[in-house]
Amino acid sequence: MVGLVIVSHSQMLAQGVLELAEQMTRGSVVMEAAGGIDDPDNPIGTDPMKVMMAIESVAAQSEEGVLVIMDLGSALMSAETALDFLPDEVKEKVLLCSAPIVEGTMAAAVQASVGASLKEVSAEAGAALNVKIEQLAPITGETVQAAGPAQEEVLEGEEVSCDLLVINKMGLHARPAANLVAVAGKFQSTIQIRKDDKTASGKSINQVALLAVKNGETITVTATGPDAQQAIEGLKALHADNFGERDEDVAEVVMETEPCKVGGEGFVSGAPASTGYAVGPVYAHLATLPEVERIDVSDTDAEAERLDQAIATALADIQALQRETEKTAGKANAAIFEVHGLILGDKDMRDNAADLISAEKVNAEFAWFQVMDKMASDYRGLDDAYMQARAADVMDCGGRVLRVLTGEGEQAIRLERESIIVAHDLTPSDVAGMDPEKVLGIVTEIGGATSHAAILSRSMGIPAVIGTGECFQQVSDGKMIALDGFEGVVWTAPDQAKLDEISAKRDQWLADREEAKAKGAAPAKTVDGTEIMVMGNIGTPADAPRVLEYGAEGVGLFRTEFLFQDRDQEPDEQEQFEAYVEAAKAMNGNPVIIRTLDIGGDKPVKYLDTPVEENPFLGERGVRFCMARPELFRTQLRALLRAASEENIWIMFPMISGVEELEGVLAFQAEVREGLLSEGVKIADKIKTGIMIEVPSAVAEAEKLGAICDFFSIGTNDLTQYVMAADRGNKSVAKICDSLNPAVLRMVKMTCDAAKTTGIEVGMCGELAGNPKASALLLGLGLDELSMSGPSIPEVKEAIRAVSMDDCCALAEKALAAKSGDEVRDLLK
Ligand code: PEP
Ligand code: MG
């Protein structure tokens, strides 16, 4: 197979192009990115040695040769120089290609993946712009000048044809077209695709894409040659599989291909974390800098020492943040911290500040601020937009050092007017502490759809797009932007037409939401009369009235960690007691299930000294953390037992992994209760106590666990990640971390069966419970109660009202017999 080397001035650009091409060819082609220069101070440029090494490495793995695709200017020179350094036997296998870097690489990669020769791959890449030219012809009037790749010679032999109706939402756009070409390329026969009077070679990505086959159009596929019949069968199978495209992929494609059509210059995309639309001015939540005063000092050595320690602390924080972010949001999202580490590790900055301290006899804060400010303004003064953007990074990580020196924390978000908050990241308390009336939408650069900021924004009904990657370059305080939380798109420079369009969609969405709330009020009964409890998930007592508004019949999950996070010390017993009672009172006597502290894993709490662990999701988390800190746990259980004696509060323990552990936890609860009774505090005789089922071992032991507790609540977010061994916050394994995978559904069924055997109630409070498409399936699996964020309640109730239990059970049986999450999704359509 032919391999590719992508040469660019920017390592990020080369890497990005490579990732896109790998996605299209599913990693089947050997490719390397040779971008930028290995100089942290000056990373933009091209390096012939780097290019040479990449070519050598790809050539060693690619028998058919290597195609080198470059961006511009010195990239060409570097590639030519690299060729001069290569031994003759390698050089003769290498072709430099004049194709445009993005389109050319995509076309070349797909062509290479079907086993084409080096010349064919190069020709395909060279014609790559034709697709764009043809597509834009009605607007630009431009026509394709360059000769396309040669038409395939039609082989002798059997001819087999079939008609295929294309039902893909976006037609045969890049990805399904690439899949078609990949399958066609496996056969010796000539394959031609005809649409109306146009014919394309089925082995040419450009030609197939140029057919511009839309949703609802029919193509005729003709195979001629020795394996014609097999080729047609192969293509029919691909067609039956929606050309290898999943519904979820389409939203992504819309974002990839439509930035210009959708108005304005710029847009960014991320996880559609909370549905809804918003239009409004940006509130840029940059970590603000502490005030710095100039103070004269006499002991300059001590000041320099303070500075060194502050830099070391800030560096350690950044490294911890990077590790944490890698685990929860993937390596790509965490890469920004690597840049910050490099900036802070820069000896020049430290030495300049130390020189200033001794020359002017000033305090470390003042000296450091002068140096970082100058460094940031040097960046701003550069011509290159990429380099200018580094100024924000200098201020960001330099600000960390200032905060360590001054002991000042980060600043809370205070909105003067309705705004869309744009932040690098938001802590759960940032979100919880915001005035929801003023927050039109939320955009963050890092994080995923199940991050806690995302869960909170959903529960508050605030549209959110999470994990957009760098986006501060494109927005500034007060600038009008538009956001679509259904598709995960943020228009950073919308024109008036786009603003009007999204405003109209927002009005409609708000009106629909009001209507939905009205529907949410009635109970959720199936057509044959089975009533299912539909409850709300909350993070603070203030959320309780919000879920009630949507029709919640109680609280199925109160995540108490939000009361503990982002403060300097834990809430005491009385503060907790009051919070629990407040939530219960707001629910007017309906049950409120309060989960004991579930920290560790992705939920660190600074003042509790949460351990830095290799695998925090497999570490001291949930009850494991609390049992190891009896005083912390005792305080919470005292508050809970007192509150549950006054209100309809049930207590729930997270992360239970076995019988012995639960027995230990229950014994501790009994001891706390005895302690309260001995102090003369009245505690109710019976307080309902249950557990989360989110660890696979708890499913295996569910009957024994059900015998010693009062209810189960299935946490599908964690259960899925532990069953599938796929981190819930890591985008690259998001497809594997699928709650609809039959393996996860089987676990749900086993839990429900065990609950029935032991005569206890079983609910679900993970994200799957809020998916209305899954409601019938969940009823069929045996759930008595579903708990979710407020805005999901009305739709889930409507879905329940539309089905009968017999249908639900039949659906569940089919889903359990399915082979994949996708097959289950098809059943739910
Ligand atoms: C779950 O794991 O499904 C759950 C509800 O708990 P959390 O998302 O808070 O970990
Ligand atoms: Mg959980």
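Which residues are the closest to ligand 1 among those that surround it?

1. Ligand 1 is surrounded by 16 residues, a residue being counted when one of its heavy atoms lies within 4 Å, and the closest are R559, R595, G715, N717 and R728.

2. This is a predicted model, in which local features need pLDDT of at least 70 and side-chain atom pairs count only at pLDDT 80 or more, while totals for chains, interfaces and linings use all residues. Residues are numbered from 1 along each chain as its sequence is written, chains are lettered from A and ligands numbered from 1 in the order in which they are written, and side-chain values use heavy atoms, with hydrogens and water left out.

3. Polar contacts here are pairs of N or O atoms within 3.5 Å. An oxygen atom of ligand 1 lies 2.8 Å from a polar backbone atom of N717, and a backbone N or O atom of G715 is 3.4 Å from an oxygen atom of the ligand. From D718, a polar side-chain atom lies 2.9 Å from an oxygen atom of ligand 1. Of the 290 Å² of accessible area that ligand 1 has on its own, the protein covers 100%, with areas taken from the Shrake-Rupley method and a 1.4 Å probe.

4. The protein chain has 829 residues, of which 54% are buried, meaning under 20% relative accessible area.

5. Among contacts (heavy atoms within 4.5 Å) between residues at least 6 apart in sequence, 71% join residues at least 24 apart.

Methods. Buried < 20%, exposed > 50% of the residue type's maximum accessible area, 1.4 Å probe, protein only. Polar contact = N/O pair within 3.5 Å; in protein donor to acceptor, adjacent residues only side chain to side chain.
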